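The sequence and structure come first.

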Amino acid sequence: MRSLQLTVPRGGLHGFLGRNGAGKTTTLKCIMGLLRPEGGQFELFGEPYHPAKAFKLRGRIGYSPELPIFPAHLTGRRVLQQYGRMRGLSPAEIRQETKYLLETLELTGAADSKVPTYSKGMQAKLGIAVAMLGDPDLLVLDEPTSGLDPVAMAELRELLRGLVTGQNGGRTVLLSSHQLHEVQQLCSSVTIIDGGSMIVEGPVDQLVHMMTGGVEVYRAEFQSLDEPLIADIRSLPEVALVEPVEASMNALRIRLKSDTDLRENFARLAVAHRTFLLSCVRETLSVEDLFLWFVQGRRKAPAVQQPIGPPRVSPPRVVPSPSVSAIQQMPERGVPLGLPSTRAAPENPIAPLPAAIAPSAPAMESPVLQLQTEIRNLEKALDEQKNLLSQLDGDLENGRIERVRFDEKERSGLDRIAEIEKDLAERRQQLPKDTAENPSGERYP
Amino acid sequence: MLIFESRAQTVPSTVGVPGTMVPQAGFPRRAHGKRLGLGGRLLSVVRYEMHWDSRKFWLYGSIGLLLLLFVVSWVAALPTLGGAPGGLAPGSTTASENYLRWLRSSWWEDGTFLLMSYPPGFVAFVVGEASASGTVARERDKGTLGALLAQPLSRAEIFFGKYFAKLLVFLAFSVAIVLGMIVISTVALGSQLYLIWAPIVVFDLTMIFAFYAAYAQFLSCFLRRSRSVFFVMVLTWFMLFGLMEYAAIQGVKLLPYAYFVPINSATLALAGTRAYFANPNGFVAVSPLPGATSIGISPLIPFNPFSFGTDSTFQFALMATLGLVLGTILFLVLGWWAFRRIQIKG
């Protein structure tokens, strides 16, 4: 971890987003004193954190790891009793809490069964129940819905909402997850980290505004598209940018300069060009869009041509839309669209978004494109291998795999990673120098 | 910098939406639990640990059974040493006869000296290693340590709470062993005197347990797997035992090193304490060990390997006890140093 500044507002659900290995769990473990940070400082409940005294503050924090593991000889009820005692609950309070949490998390039926007989989802629920013992002010949940079935996930989301809302609310939940839809449904603010550093933080609304500049984006699908129609749409005074939708030949993403409803205008223009407007929907940005944009630089979000944020960036510039032929020649996901830089975002999270499609965009030679595609695939394979290894570690810790088998798998995984890294290095070397710094083919703004 | 601040924020809410389980007013606030004192926190860990240990009926049962078998066979073998327990042939002078005479003529503790020095020592060791070796390593092994460390307890409380839990178990074992000794020696050798020393024997046995528990917990903090701890401890015991036997055979004087060999130290502490209380003036220039008599420590080792020279009985007691206490403290400090540095990764 480095350069992490995480501020969790009191009272509410705060999402903590990042890819696998981004440092989410590490951060949460540092907060809980399970890992010792090498440097830095942080405050808990407004008090400076001292490792020697942190245990006192832990009485106000409930923590549920991604894979909660409890002593195998205990039943679910016993687990709550044992940890409840450590949290200072009296016997009567322990009885009440146990009953309440078992009922709330629907574990009553399995309360007197040993923990190893629990399904993964039940163990996750038990972990959350333990975290909720004593009604802590701050709940730190690491991937709480991991292993839960859809019904249980929905119930848990309701439970978490209930903890922070209403006149009895006021609790704070720090929710680490890469389940973006879950974060979107629950959290009002998020922190996105990558590679151990914070990329962006703030209320979801503000981050969305940061991306879009606060204006509307429509996705319009026509029966057919031609260049004059695109030119006419672009000539409308309220239209800031028109760009093709990657997955569809006859759809346009249209960004407006202001919050105006132009659907009727689009329909009329379509008729004038002897075609039909099949659909025109307002695009809603999701946390997933935010995440992809800020972390991966793969923009699902609407393209934005003009700078966003304070006027420290260059003034807006409207780039002519591409020709229909250009659109038709474009592969579904292949052509570089001038994606934002993954690394540029942390330094200047409100930097101008890149151009969508500019006629002046340098055309890539096909061998280079092929190399870039291979590099992307290799990078993806590398990530997958690393994920598999980290899962393997978890399996070993949970006793789901024997040591000998683990060693074999780990060895083959490491060999595979070495092979991929070697291939990756070779291909990166083969790239022309002007693209070598950006091997994924992304064009920096 | 991580900050949990007091800025309020709004939350996307489905409160009150039909079909949701969230009450309109949110979930009510519940009991927070009071801040426990040091004793309460330690006790919670002790109970947690003892509850875990209480599941090991098979372990303690097997140890008890082994001990019983040993004692029964030992008592059954007594007549072969030179006569029936009822009496010796007058004028018998063979080593085995002398040994049996010594057993009978001495006070009850002498009669069970071997029980004291080896079998209970071994039992203490086995119980200590099997139980204490798991205190930390088994939690790391099974992945439960993270849940424990996330509780509002300091690492010192967890570490020493676990250790105290072992001590309580060991104390119970010591009492059981001494009671067993009294019963067995009474049955086998007739009525016994000096039962007033029973608490001292309990104390000494607990000291052995405490030492082994500290050693086991020290290893437990360094090694990730409880099996590894068990293996290292068995190895240690055989090394110590082998060293003692080798020294005895070679006639090497073990002092002052014997003070730091736990089994010997406890025996010395016991003997020295007994002699001191028997003669409060102390400084008796006679070795307190039964083995220091002309009979020898046992029929198998016909000389006394622990020749204490001019040491006084009080010094024996003091030094031996000090050896145990220092060893216990040393391993507790080292174990605590290692425990503080444990990080829950992965």
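Two strands pair if DSSP finds at least two bridges between them. Helices (H or I, at least four residues) and strands (E, at least two) are DSSP runs, numbered from the N terminus. The model is predicted: local features need pLDDT of at least 70, side-chain atom pairs count only at pLDDT 80 or more, and totals for chains, interfaces and linings use all residues. Residues are numbered from 1 along each chain as its sequence is written, and chains are lettered from A and ligands numbered from 1 in the order in which they are written.

In chain A, six strands form an open sheet in the order 5-6-7-2-8-9, with mixed pairing. Strand 5 (61-64) and strand 9 (197-203) of chain A are the edge strands, each pairing on one side only.

| Pair (chain A) | Sense | Bridges |
|---|---|---|
| Strand 2 and strand 8 (residues 189-194) | parallel | five bridges |
| Strand 10 (residues 217-222) and strand 12 (residues 251-256) | antiparallel | five bridges |
| Strand 11 (residues 239-244) and strand 12 | antiparallel | five bridges |

Gly15(A) has Val190(A) in strand 8 of chain A as its bridge partner. In strand 12 of chain A, Ile254(A) stands opposite Tyr218(A), and Arg253(A) stands opposite Glu243(A).
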